[in-house]
Amino acid sequence: MKLTTIDELTDEIIGKKGSPERNAFEYDLRMDIIGTIIKETRLKQKMSQADLASKLGVQKAQISKLENNTKDFRIGTIIKALDALGATLKLSVSIR
(Lines give C-alpha, C1' and ligand atoms only; values in the text may rest on other atoms or scores of the structure.)
Protein backbone atom coordinates (compact mmCIF):
# COMPACT_ATOMS: atom_id res chain seq x y z
CA MET A 1 0.00 0.00 0.00
CA LYS A 2 1.37 3.43 -0.97
CA LEU A 3 0.92 6.22 1.56
CA THR A 4 0.11 9.70 0.31
CA THR A 5 0.86 12.90 2.22
CA ILE A 6 -1.70 15.64 2.72
CA ASP A 7 0.46 17.92 0.57
CA GLU A 8 0.43 15.40 -2.27
CA LEU A 9 -3.34 15.02 -2.02
CA THR A 10 -3.84 18.78 -1.95
CA ASP A 11 -1.58 19.18 -4.99
CA GLU A 12 -3.58 16.53 -6.83
CA ILE A 13 -7.09 17.62 -5.84
CA ILE A 14 -6.81 21.40 -5.45
CA GLY A 15 -3.74 22.27 -7.51
CA LYS A 16 -0.05 22.92 -7.10
CA LYS A 17 1.23 25.62 -4.72
CA GLY A 18 1.10 28.99 -6.44
CA SER A 19 -1.78 28.08 -8.77
CA PRO A 20 -4.85 30.33 -8.65
CA GLU A 21 -6.99 27.43 -7.42
CA ARG A 22 -4.57 26.58 -4.60
CA ASN A 23 -4.24 30.24 -3.59
CA ALA A 24 -8.02 30.60 -3.37
CA PHE A 25 -8.30 27.37 -1.36
CA GLU A 26 -5.60 28.44 1.10
CA TYR A 27 -7.16 31.91 1.50
CA ASP A 28 -10.57 30.38 2.27
CA LEU A 29 -8.97 27.97 4.72
CA ARG A 30 -7.26 30.81 6.60
CA MET A 31 -10.51 32.80 6.73
CA ASP A 32 -12.37 29.74 8.05
CA ILE A 33 -9.78 29.39 10.80
CA ILE A 34 -10.08 33.07 11.76
CA GLY A 35 -13.88 32.77 11.87
CA THR A 36 -13.64 29.70 14.08
CA ILE A 37 -11.23 31.48 16.44
CA ILE A 38 -13.61 34.44 16.74
CA LYS A 39 -16.58 32.16 17.41
CA GLU A 40 -14.77 30.02 19.99
CA THR A 41 -13.45 33.10 21.79
CA ARG A 42 -16.93 34.66 21.81
CA LEU A 43 -18.49 31.49 23.20
CA LYS A 44 -15.81 31.14 25.91
CA GLN A 45 -16.75 34.61 27.06
CA LYS A 46 -20.43 33.63 27.07
CA MET A 47 -21.13 36.38 24.57
CA SER A 48 -23.84 36.14 21.94
CA GLN A 49 -23.42 37.24 18.35
CA ALA A 50 -25.75 40.13 19.16
CA ASP A 51 -23.50 41.17 22.07
CA LEU A 52 -20.41 41.22 19.88
CA ALA A 53 -22.28 42.99 17.09
CA SER A 54 -23.37 45.67 19.54
CA LYS A 55 -19.76 46.22 20.66
CA LEU A 56 -18.71 46.63 17.03
CA GLY A 57 -21.70 48.71 15.97
CA VAL A 58 -22.79 46.22 13.31
CA GLN A 59 -25.74 43.90 12.72
CA LYS A 60 -25.77 40.41 14.28
CA ALA A 61 -25.84 38.99 10.73
CA GLN A 62 -22.38 40.51 10.13
CA ILE A 63 -20.95 38.49 13.03
CA SER A 64 -22.54 35.33 11.66
CA LYS A 65 -21.03 36.01 8.24
CA LEU A 66 -17.62 36.66 9.81
CA GLU A 67 -17.71 33.46 11.87
CA ASN A 68 -18.93 31.35 8.95
CA ASN A 69 -16.73 32.93 6.27
CA THR A 70 -19.67 33.76 4.02
CA LYS A 71 -18.38 37.23 3.11
CA ASP A 72 -14.98 38.83 2.58
CA PHE A 73 -14.00 41.08 5.46
CA ARG A 74 -11.31 43.69 5.77
CA ILE A 75 -8.51 42.98 8.19
CA GLY A 76 -9.63 46.04 10.16
CA THR A 77 -13.01 44.42 10.85
CA ILE A 78 -11.33 41.22 12.00
CA ILE A 79 -8.98 43.16 14.29
CA LYS A 80 -11.93 45.11 15.76
CA ALA A 81 -13.80 41.87 16.47
CA LEU A 82 -10.78 40.31 18.16
CA ASP A 83 -10.16 43.51 20.13
CA ALA A 84 -13.78 43.54 21.32
CA LEU A 85 -13.22 39.99 22.56
CA GLY A 86 -10.04 40.99 24.37
CA ALA A 87 -7.91 38.96 21.96
CA THR A 88 -4.85 40.10 20.05
CA LEU A 89 -3.73 39.25 16.56
CA LYS A 90 -0.15 38.39 15.73
CA LEU A 91 0.54 38.78 12.04
CA SER A 92 3.44 37.27 10.18
CA VAL A 93 4.34 38.14 6.62
CA SER A 94 6.81 36.14 4.58
CA ILE A 95 8.06 36.99 1.13
CA ARG A 96 8.28 34.16 -1.38
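Student: Why is Arg 42 called buried?

Tutor: Its relative accessibility is 5%. Buried means under 20% relative accessible area, exposed over 50%, and partly exposed in between, with a 1.4 Å probe and protein chains only. So Arg 42 counts as buried. Arg 42 lies in helix α2; helices are DSSP runs of H or I with at least four residues, numbered from the N terminus.

Student: What kind of model is this, and how are residues numbered?

Tutor: It is a predicted model: local features need pLDDT of at least 70, side-chain atom pairs count only at pLDDT 80 or more, and totals for chains, interfaces and linings use all residues. Residues are numbered from 1 along each chain as its sequence is written, and side-chain values use heavy atoms, with hydrogens and water left out.

Student: Which residues is Arg 42 in contact with, leaving aside neighbours within four places in sequence?

Tutor: They are Met 47, Ser 48, Gln 49, Leu 52, Glu 67 and Leu 85. Contact means heavy atoms within 4.5 Å.

Student: What makes α3 roughly perpendicular to α4?

Tutor: The axes of α3 (residues 49–56) and α4 (residues 60–68) cross at roughly 105 degrees and come within 8 Å. Angles of 65 to 115 degrees count as roughly perpendicular, under 35 as roughly parallel, over 145 as roughly antiparallel, and the rest as oblique. The pair is therefore roughly perpendicular. From α3, the contact is made by Gln 49, Ala 50, Leu 52, Ala 53 and Leu 56. Lys 60, Ile 63, Ser 64 and Glu 67 make it from α4.

Student: Is Ala 50 buried, exposed or partly exposed?

Tutor: Ala 50, in helix α3, has a relative accessible area of 39%, so it is partly exposed.

Student: Why is Lys 46 called exposed, and why is Asn 69 called buried?

Tutor: Lys 46 has a relative accessible area of 75%, over the exposed cut-off, so it is exposed. Asn 69 has 19%, under the buried cut-off, so it is buried.

Key: Axes fitted to C-alpha atoms, helices over the stretch in contact; angles between N-to-C directions. Helix = DSSP H or I, 4+ residues; strand = E, 2+ residues; numbered from the N terminus.
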